[in-house]
Amino acid sequence: MFADAIRHFYEYHFSENRKLWDQYIAELSDEQFLQGSDYSHGSIRDQIVHLIQVDGWWFSDLGAPAFPEQAGLADSASLANIRVYWDAVESSMRAYLSGLQDEMMATKPLSGEDENLRLWQVLLHVVNHGTDHRAQILRQLNDLGVQTLWQDYIFFTYGNLT
């Protein structure tokens, strides 16, 4: 049951990432996408790249299937290249999540400074981190004059009640 709840929460994460991209970012001009900002990680491109990389790093540490090479991603101005990489990261995350079992949730799968984190804590952190950065990106989009909507988890849930 707990593993299914985590997978559900990740469906929210993936859905909101896709919505952010399809409804807003894909419509930006290159100038808007790359426009510098002193806010958080910088341009919208830089925010997106950060979000993708952090998802990838955490899941890689958990032993997710290999991610594609990301050389030059942070310098890429190509929406298409970034989207292809993001799709590959999501695919790897989904592969990892498909193998989750309830008994894994209490394990401590990491080493170093994260050695005391339980798997469920890491998995919830990644989604929470994504929500934080999507909110920051939505604010930047708003500053560019883009009309955006909410990303609240509950609205996702209302649309996915079974």
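**Helices side by side, residues tucked away**

In this predicted model, helix α1 (residues 2–23) and helix α5 (residues 119–143) have axes that come within 10 Å and cross at roughly 20°.

Q: Why is α1 called roughly parallel to α5?
A: Angles under 35 degrees count as roughly parallel. The axes of α1 and α5 cross at roughly 20°, so α1 is roughly parallel to α5.

Q: Which residues make the contact of α1 and α5?
A: From α1, the residues include Phe2, Ile6, Phe9 and Tyr10. From α5, among them are Trp120, Leu123, Leu124 and Val126. The residues of this contact divide into 14 nonpolar, four polar and two charged. The crossing of α1 and α5 is left-handed.

Q: What makes α1 roughly antiparallel to α3?
A: Here α1 and α3 pack at an angle of about 155°, and their axes are 13 Å apart. Angles over 145 degrees count as roughly antiparallel, so α1 is roughly antiparallel to α3. The crossing of α1 and α3 is left-handed.

Q: Which residues bring α1 and α3 into contact?
A: On α1 they are Tyr10, His13, Asn17, Leu20 and Trp21, and on α3 they are Ile48, Leu51, Asp55 and Phe59. Sorted by type, that contact has six nonpolar residues, two polar and one charged.

Now for two single residues.

Q: How do you know that Gln47 is buried?
A: Gln47 sits in helix α3 (residues 44–62). Buried means under 20% relative accessible area. Gln47 has a relative accessible area of 0%, so Gln47 is buried.

Q: What does the side chain of Gln47 make a polar contact with?
A: Its partner is the side chain of Gln136, at 3.2 Å.

Q: Why is Gln151 counted as buried?
A: Gln151 lies in the loop between α5 and α6 (153–158). The cut-off for buried is under 20% relative accessible area. Gln151 has 10% relative accessibility, so Gln151 counts as buried.

Q: Which residues is Gln151 in contact with, leaving aside its neighbours within four places in sequence?
A: They are Tyr12, Glu16, Lys19, Thr131, Arg134, Ala135 and Leu138.

Notes
Residues are numbered from 1 along each chain as its sequence is written. This is a predicted model: local features need pLDDT of at least 70, side-chain atom pairs count only at pLDDT 80 or more; totals for chains, interfaces and linings use all residues. Side-chain values use heavy atoms; hydrogens and water are left out. Axes are lines fitted to C-alpha atoms, for helices over the stretch in contact, and angles run from 0 to 180 degrees between N-to-C directions. Helices (H or I, at least four residues) and strands (E, at least two) are DSSP runs, numbered from the N terminus. Angles under 35 degrees count as roughly parallel, over 145 as roughly antiparallel, 65 to 115 as roughly perpendicular and the rest as oblique. A crossing is left-handed if the near helix is turned anticlockwise from the far one by less than a right angle, and right-handed if clockwise. Contact means heavy atoms within 4.5 Å. Ala, Val, Leu, Ile, Met, Phe, Trp, Tyr, Cys and Pro count as nonpolar, Asp, Glu, Lys and Arg as charged, and the others, Gly among them, as polar. Buried means under 20% relative accessible area, exposed over 50%, partly exposed in between (1.4 Å probe, protein chains only). A polar contact is a pair of N or O atoms within 3.5 Å; within protein, one must be able to donate a hydrogen and the other to accept it, and residues adjacent in sequence count only if both atoms are side-chain atoms.
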